[in-house]
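Good morning. Please look at the sequence and the structure on the screen while I describe how the parts are arranged.

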Amino acid sequence: MENLERTHSCGELSATNQGEQTVLMGWVSRRRDHGHIIFVDVRDREGITQVVFDSENNPDLQHTAKSLRSEFVVAVKGTVRVRAGAKNPNLKTGEIEVAGEQLWILSEAKTTPFVIEDDTSASEDLRLKYRYLDLRRPRLQETFRIRHRISMAIRSYMDRQGFWEVETPILTKSTPEGARDYLVPSRLYHGQFYALPQSPQIFKQILMISGFEKYFQIVRCFRDEDLRADRQPEFTQVDIEMSFPAIDTLFTLIEGLMAEVYGLKGIQIATPLDRMTWDDAMQRYGSDKPDTRFDVFLQDFTEIFKTAESSVFREMACKGESIRGLVAPKVSYSRKQLDDLNAFIKQIGGAGVAYIKVGEDGLTAPPVVKNAGQSTIDAIVRTSGAQKGDTIFLMGGPRETVLAMMGALRLELARREKWIPEGNWNMFWVVDFPLLEFDASENRWVSRHHPFTAPRDEDLEFLESDPGRVRAKAYDLVLNGSEIGGGSIRIHRSDVQARIFKRLGFTEEEARDKFGFFLEALEYGTPPHGGIALGLDRMVMILSGQASLRDVIAFPKTARAMDLMSGSPNLVSEQQLRELGLGVVHGKDKNAS
């Protein structure tokens with residue numbers, strides 16, 4: 001078959017090709033032996049075409065067709081014809097078939113550990129171990145088609161807007177702040193290490209100092225952190241930075257990009273996008289990435305409980321803690337359902353949830369609420385706007401903690417009660433984040449985003465005296481309860497950057513050691529600049545309808561940061577360690593089973 005050339009993919013033939021000669025190449029998806037007639041579904045990344053082999057015309061060909069098994073790689077030459085029987089509406093090629101005239105087995109295959117089809121019962125670990133087989137499944141191949149088209153659309157859009165794609169280093173300097181770095185030992189300088197970048201943050205800012213003005217990159221990033229379904233140790237982000245930006249200009253740029261990307265799937269993003277302050281998001285939704293597709297909001301009952309009778313909630317309110325609640329419309333849970341809800345709250349770190357059930361025959365509440373007195377309960381019901389058949393859920397504690405717990409409860413109730421409508425795409429900006437937050441475990445202020453985020457000009461005077469009051473020129477892009485991007489206007493003055501490092505607890509020597517090259521660069525004429533990093537993996541996950549980032553990354557890691565297919569991480573030889581000037585201290589592996 002040296003001169004044999006594929007003429008069509010397995011997804012493009014139709015009735016308009018009737019009578020044409022075709023050469024298909026692909027994998028055997030399925031073989032059905034009906035005696036003198038054999039049906040073979042041949043699959044490639046574009047689809048499936050049914051090929052028919054008839055023993056009356058060619059017994060030798062029939063014999064070869066009988067030897068086919070799933071996942072054999074074949075080439076088939078034949079004639080396209082319209083199906084005489086029922087069409088297959090589930091296939092793009094469902095109105096035709098190919099009458100096989102010649103057949104070549106290009107590669108045989110062992111029996112696969114799971115069936116190559118979309119609806120597989122195979123465990124995720126098994127699929128990841130045999131990822132090259134898993135990636136043959138049509139749904140995953142369609143996901144990577146979407147990923148490719150998104151990447152191409154981004155590059156085309158950014159080029160039209162005058163941005164240059166510039167690659168930044170993968171081997172860089174360790175500047176741990178937040179998540180842990182992945183370290184790479186140097187063979188030439190024993191005892192010294194490179195770090196894999198958590199983001200290109202410093203380098204993209206240096207590109208602005210270099211006068212590039214408009215930069216973007218689809219870039220791989222690395223973070224050694226605990227994993228979840230929406231986190232991976234290596235991930236891809238769309239990194240964007242520009243000089244002399246007005247916030248409105250930058251927002252318009254990103255909104256146009258989002259309209260183009262989501263338009264690939266026929267999703268209309270209405271621009272300009274709404275903006276919500278961080279404080280409003282936390283107060284109303286208990287989250288800085290709220291899902292706004294359903295109208296259930298948090299309410300503040302702290303003042304009501306301050307005048308309550310003796311109760312735990314009154315004690316909390318009087319010592320400066322917060323009592324928050326929400327009305328769950330038409331929800332009247334049984335004791336078991338309430339216990340399940342309490343178990344959920346405790347599982348995520350809360351103390352539990354109280355309630356007031358507004359029934360046809362009156363109000364029902366546990367002792368922790370009853371002890372506050374009937375007048376307090378009546379005031380809560382009246383203020384909340386609860387109607388008969390509703391339940392008011394209540395929690396108390398430190399303000400940010402109780403808001404986060406109530407936000408999680410709101411989403412859990414939405415999941416159980418199916419409050420979230422299908423087909424809605426609520427995209428908006430969250431702005432005015434706090435610049436800093438206090439880390440009690442380290443007893444110091446830390447950056448809520450990163451230490452290069454600019455404070456709002458009017459708040460800079462409070463940096464030393466009241467740091468919790470300082471707001472950042474930071475913004476997140478939120479879609480249906482997921483953060484799909486975050487960015488800020490950056491600090492472009494070296495004196496302000498030095499003040500931020502000092503407020504974060506860095507000595508001048510520590511700041512110079514970690515960021516000296518960057519601080520020096522700031523002194524050579526730095527334009528105002530800002531940008532954003534958008535999560536490409538997360539965008540693909542949302543647009544393709546996948547539940548996990550692992551299904552939108554070609555070769556992902558497990559939740560324990562392992563590549564089951566290649567077997568990494570793995571032990572290396574003593575010779576390699578000696579070349580790097582390293583030794584291994586064997587201790588108990590915290591992840592060992």
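This is a predicted model: local features need pLDDT of at least 70, side-chain atom pairs count only at pLDDT 80 or more; totals for chains, interfaces and linings use all residues.

**A pair of strands within a sheet**

Strand β17 (residues 427-431) and strand β20 (residues 474-479) run antiparallel and are joined by five bridges. Strands are DSSP runs of E with at least two residues, helices are runs of H or I with at least four, and both are numbered from the N terminus. Two strands pair if DSSP finds at least two bridges between them. In this pair, Trp 429 stands opposite Leu 477 of β20.

Residues are numbered from 1 along each chain as its sequence is written, and side-chain values use heavy atoms, without hydrogens and water.

Where do β17 and β20 belong? They are part of an open sheet of eight strands with mixed pairing, in the order β6-β9-β10-β22-β21-β20-β17-β11. At the edges are β6 (164-165) and β11 (274-277), each pairing on one side only.

Let us turn to the helices. Helix α4 (residues 138-160) lies across β6, β9 (214-222) and β10 (234-243), and runs at about 150° to β9. Such angles, from 0 to 180 degrees, are taken between N-to-C directions of lines fitted to C-alpha atoms, for helices over the stretch in contact; contact means heavy atoms within 4.5 Å.

Finally, the whole protein has 17 helices and 22 strands. Its C-alpha atoms fill a box of roughly 95 × 75 × 55 Å along the principal axes.
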